[in-house]
Amino acid sequence: MNEQPGFIKNIVKKGIVGAIVGGVLFGAAKAFGFPVIFQYMFVAYAMLGTAVFILLDAPALPTLGGMKALVALLAFYLVLSVVYIGGASLWPQYDPEDEKGKIEKLLAAKRKASDLGKAEELIARAKSLSEKADAIMQRLQTLGGPAVTAPAAGGAKAGVSAAASGDLVALGKEQWELQECYNCHKLYGQGGKKRGPEMDNIGNLMKPEEMKEKILYPRTWMAEGFEKEYNKKKMPDKYKDLMEDKDVDALVAYLVTLKNPAVKTPKPIKKQ
Amino acid sequence: MKTWQRSLLMLFGLLTVFGATAYAQVPDAPTVEFPYTGNRTAVWIVAQLHILFAAFILGAPIFVVISEWLGYRKQDPRYDRLAKEVIKVTVILYSMTALTGGLFIFVLLATYPAFTSWLINHFFLIFAVIYPLLFIAETIVLYMYFYTWESWKGELKARHIALGVLLNIIGTVTLFVIDGPTSFMNTPAKAEGASIVEFIQTATLWDKVFNYSWMPLNLHRLVGNVTFGGFITGLIAAYMFMGAKNDSERAYYDWMGFVGNLIGVGALLFLPFMGYLLAYELCDYDASICPYMMADQLSMFFEMQGAMVGLIFLASNYYIWLSMKRIEGVERVRVSVLAVLVMIALPFVMTYVWTMYPVPDPRSLAVLLPMVLLPVVLGRFIPFTVSSRAAIKVSFLMVIVGNAIWMTPHGFVATGAKLVEELELPSDWSFLALMPAKNSAAITLVFVTVVSYFIYNRAIKQGTIVWGKIDFASQFVLIFLAFSAIWTMGLMGAVRSLLRKYFHTYNLLPDFTAESFTPTLAYSAWWITGITLVFYLVVSFAIILTLRVSESKAHAHEGSPAPAGAK
């Protein structure tokens with residue numbers, strides 16, 4: 001029991017030191033131009049350090065046994081579960097809705113070619129025929145009444161998408177997003193992590209067929225200054241399996257429009 | 001052909017024709033849809049549970065046999081008792097591994113029949129012949145090992161240890177074999193310039209098994225299993241310590257917890273590097289996996305991993321701190337000031353060095369190796385020392401600093417697409433989010449933990465351990481370590497599976513179901529916690545059943561307070 005006042009003193013002392021360290025880190029982070037969220041992150045580390053150093057000099061826990069030990073154990077598991085679920089929930093969460101539409105588009109062609117896709121197509125056709133038959137029946141019943149428009153074959157969704165508009169460049173831009181080219185290539189100053197060259201002026205440097213060759217067979221061309229990345233085969237050799245030919249054409253059509261000489265897109269070198 | 005033979009043949013023919021016709025008329029089986037969880041999460045739960053049990057039954061025997069050998073060599077009965085108690089729990093959990101394995105196959109077949117058949121067909125020899133044979137061999141050897149414990153004593157002990165070694169060889173081969181299809185799903189075999197779809201049609205079984213991530217996964221799981229086995233031994237010891245009826249029992253289980261934790265932490269030190277190797281190979285296989293992991297959909301999973309790793313290292317150092325408190329004469333132990341200086345300088349120096357000479361450039365080793373060896377080589381010649389207590393406090397500080405570096409993200413967003421200036425690291429400090437800084441953080445965590453154990457080792461040479469007198473809080477630390485290690489395994493298991501994105505087998509077999517998206521970290525955390533708790537419940541039951549209930553026999557003298565030299 002006589003350890004108690006000493007422990008409280010310890011908490012107060014370490015708490016003050018922790019608050020000072022937290023304040024210094026907060027101020028320094030602000031001075032160095034860290035956004036607010038990072039400033040709070042540094043304060044959180046100071047708090048964690050404070051808790052750890054308080055714990056180091058905490059008095060020994062009395063030995064528990066029987067029911068007391070069991071209750072302490074269950075409470076401990078409960079606290080751990082809440083802390084881990086809560087901790088994970090505090091981080092920014094990826095919204096799966098952002099991905100769902102993308103996956104549907106990416107897999108559309110493969111789905112169509114699969115047994116599942118063929119079955120779905122048959123069902124859709126049957127449904128469409130049934131709807132048409134219903135419409136004819138309705139028209140016959142009304143005899144001279146207003147015509148009933150049959151729905152589009154295949155139950156295609158209405159909407160203004162790149163595919164619907166038929167704009168090849170817009171389709172190509174969509175492919176750029178879908179295939180996540182931005183993860184490696186910078187464009188308009190956005191994206192990229194130096195894994196691949198900036199693309200803003202690629203339209204002035206490569207012909208469409210050369211671009212297509214590079215996408216489908218990445219070893220055929222190398223960007224000047226990217227020898228290391230080329231040797232490490234950074235550009236995935238997978239698009240011939242993942243992309244439809246028309247999608248590659250659309251992507252190329254988009255890339256051809258990128259003609260900004262102000263950006264130093266490295267010169268492509270023919271390799272194989 | 002005789003008449004009866006002809007009749008029998010005709011009967012079989014008719015049965016075949018009518019049987020096939022009748023079968024063909026059977027309507028399709030209804031599709032399975034798991035309520036509440038959905039099919040993917042149902043498979044996830046069963047698979048993760050199976051992997052947790054399997055990890056224990058593969059990891060525990062590795063140090064069980066080492067412990068048995070140590071007992072034999074040192075003639076210390078505590079090691080033999082430890083080994084036997086852990087193998088008792090292993091035998092119970094072995095049946096749970098088989099049970100969850102069978103359940104896993106049933107759930108997989110019911111929910112993803114086309115994919116399951118496709119995978120089995122690709123690895124038919126493994127699934128139908130090699131794996132079952134290995135499993136049978138392992139079952140036979142495990143039970144032989146367990147049931148010959150008492151009869152193969154004395155002169156026959158070496159034979160018993162050899163049986164334990166054989167058990168581990170079979171276990172390791174089983175792990176490596178089943179890792180073939182598992183790793184294939186992440187990095188299916190491919191050939192340069194060729195279409196992966198076409199290549200896979202002609203690839204041999206070896207081509208498919210020996211894929212990019214197979215060996216890194218083998219190593220990662222092997223080391224992970226030993227870590228896991230060590231921490232579960234710590235858990236067993238903690239439970240038994242809490243329920244101990246006398247000082248002798250408490251002393252023994254205090255010692256057992258220490259040994260389990262020592263092995264767990266010892267293997268843990270290699271785990272970040274094994275994980276790094278696996279991630280390196282995955283990125284090498286397809287560079288687009290890297291941003292998906294570190295900068296996009298799964299980036300926050302890695303933040304959580306960083307938090308867990310930091311907590312595990314803090315806890316393992318805290319256990320050492322509490323262990324030091326029960327050593328009489330620890331206050332006399334002093335450490336070279338060089339050790340403290342290297343601990344402080346390491347993350348900063350190595351961040352700079354690895355930025356200049358990225359891994360695996362050997363020039364970085366020219367700085368790293370002399371630096372970490374400096375306290376050992378020059379320490380004895382330099383008279384400046386600090387108390388062991390102060391040195392360990394510095395190591396705690398550096399665990400926090402190292403973890404802060406590990407966890408500093410490029411941006412506080414779950415996807416690079418939503419990164420804005422207010423959430424992004426300033427460009428002057430963006431190096432904190434790059435691999436050189438992360439590697440230096442990992443090496444700092446490992447180094448300070450090694451220093452802590454080095455100090456502990458020196459303390460027990462100069463003082464006397466009073467086994468059983470450890471702070472009761474240490475038992476919660478052991479439980480925490482086991483819980484956190486299992487939770488982290490669950491998290492990283494989810495990450496490895498999610499890396500396949502919207503494919504069952506990456507780039508090869510798409511997942512057309514509506515569940516093929518990346519789940520949120522919060523959703524994943526709920527299930528990981530649930531799986532961990534279920535696993536804990538079963539393990540706790542196994543421990544109570546095998547050790548507490550059968551505890552009536554007295555264990556003489558094994559755990560009496562011992563001088564340091566007798567450990």
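Reply: We can begin with handedness: the crossing of H6(B) and H9(B) is right-handed. Please keep in mind throughout that this is a predicted model.

Me: At what angle do the axes of helix H6 and helix H9 of chain B cross, and how should I name their arrangement?

Reply: The general idea is that angles under 35 degrees count as roughly parallel, over 145 as roughly antiparallel, 65 to 115 as roughly perpendicular and the rest as oblique. Here the axes of helix H6 (residues 157-186) and helix H9 (residues 214-242) of chain B cross at roughly 130° and come within 9 Å, and H6(B) and H9(B) are therefore oblique to each other.

Me: Which residues of H6(B) and H9(B) meet?

Reply: On the side of H6(B) they are B:Thr172, B:Leu175, B:Phe176, B:Asp179, B:Gly180, B:Thr182 and B:Ser183, and these meet B:Trp214, B:Leu217, B:Asn218, B:Arg221 and B:Leu222 in H9(B). By class, the residues of this contact of H6(B) with H9(B) divide into five nonpolar, five polar and two charged.

Me: How do the axes of helix H5 and H6(B) cross?

Reply: Helix H5 (residues 124-147) of chain B and H6(B) have axes that come within 9 Å and cross at roughly 155°. That value makes H5(B) roughly antiparallel to H6(B), since angles over 145 degrees count as roughly antiparallel. The crossing in which H5(B) passes H6(B) is left-handed, whereas that of H6(B) and H9(B) is right-handed. Residues of H5(B) in the contact include B:Ile126, B:Ile130, B:Leu134 and B:Tyr145, while those of H6(B) include B:Leu163, B:Leu167, B:Ile170 and B:Pro181. The contact of H5(B) with H6(B) has 18 nonpolar, four polar and one charged residues.

Me: How many residues does each chain bring to the contact between chain A and chain B?

Reply: Chain B gives 56 residues and chain A gives 55 residues. On the side of chain B that touches chain A, helix H7 (196-202), helix H13 (299-325), helix H16 (388-407), helix H18 (473-498) and H19 each supply at least two residues. That side of chain B divides by class into 38 nonpolar, 10 polar and eight charged residues.

Me: Into which domains is chain A divided?

Reply: Chain A is divided into domain 1 (3-90), domain 2 (97-153) and domain 3 (163-270). The C-alpha centres of domain 1 and domain 2 of chain A lie 59 Å apart. Chain A contains 12 helices and two strands, and buried residues make up 19% of its 272 residues.

Me: Is B:Lys501 buried or exposed, and is B:Tyr36 buried or exposed?

Reply: The general idea is to count neighbours: a residue is buried if 20 or more other C-beta atoms lie within 10 Å of its own, and exposed if 12 or fewer do. With 20 C-beta neighbours inside 10 Å, B:Lys501 counts as buried, whereas B:Tyr36 is exposed because 6 other C-beta atoms lie within 10 Å. B:Lys501 sits in the loop between H18 and strand S5 (503-505) of chain B, and B:Tyr36 in the loop between helix H1 (3-24) and helix H2 (38-74) of chain B. Phi of B:Lys501 is near 55°, a positive value in a residue other than glycine, and phi of B:Tyr36, likewise a residue other than glycine, has a positive value near 65°.

Conventions. Residues are numbered from 1 along each chain as its sequence is written. Chains are lettered from A and ligands numbered from 1 in the order in which they are written. This is a predicted model: local features need pLDDT of at least 70, side-chain atom pairs count only at pLDDT 80 or more; totals for chains, interfaces and linings use all residues. Two residues are in contact if their C-beta atoms, placed from the backbone, lie within 7 Å. Helices (H or I, at least four residues) and strands (E, at least two) are DSSP runs, numbered from the N terminus. Ala, Val, Leu, Ile, Met, Phe, Trp, Tyr, Cys and Pro count as nonpolar, Asp, Glu, Lys and Arg as charged, and the others, Gly among them, as polar. Domain bounds come from an automatic or database domain assignment. Axes are lines fitted to C-alpha atoms, for helices over the stretch in contact, and angles run from 0 to 180 degrees between N-to-C directions. A crossing is left-handed if the near helix is turned anticlockwise from the far one by less than a right angle, and right-handed if clockwise.
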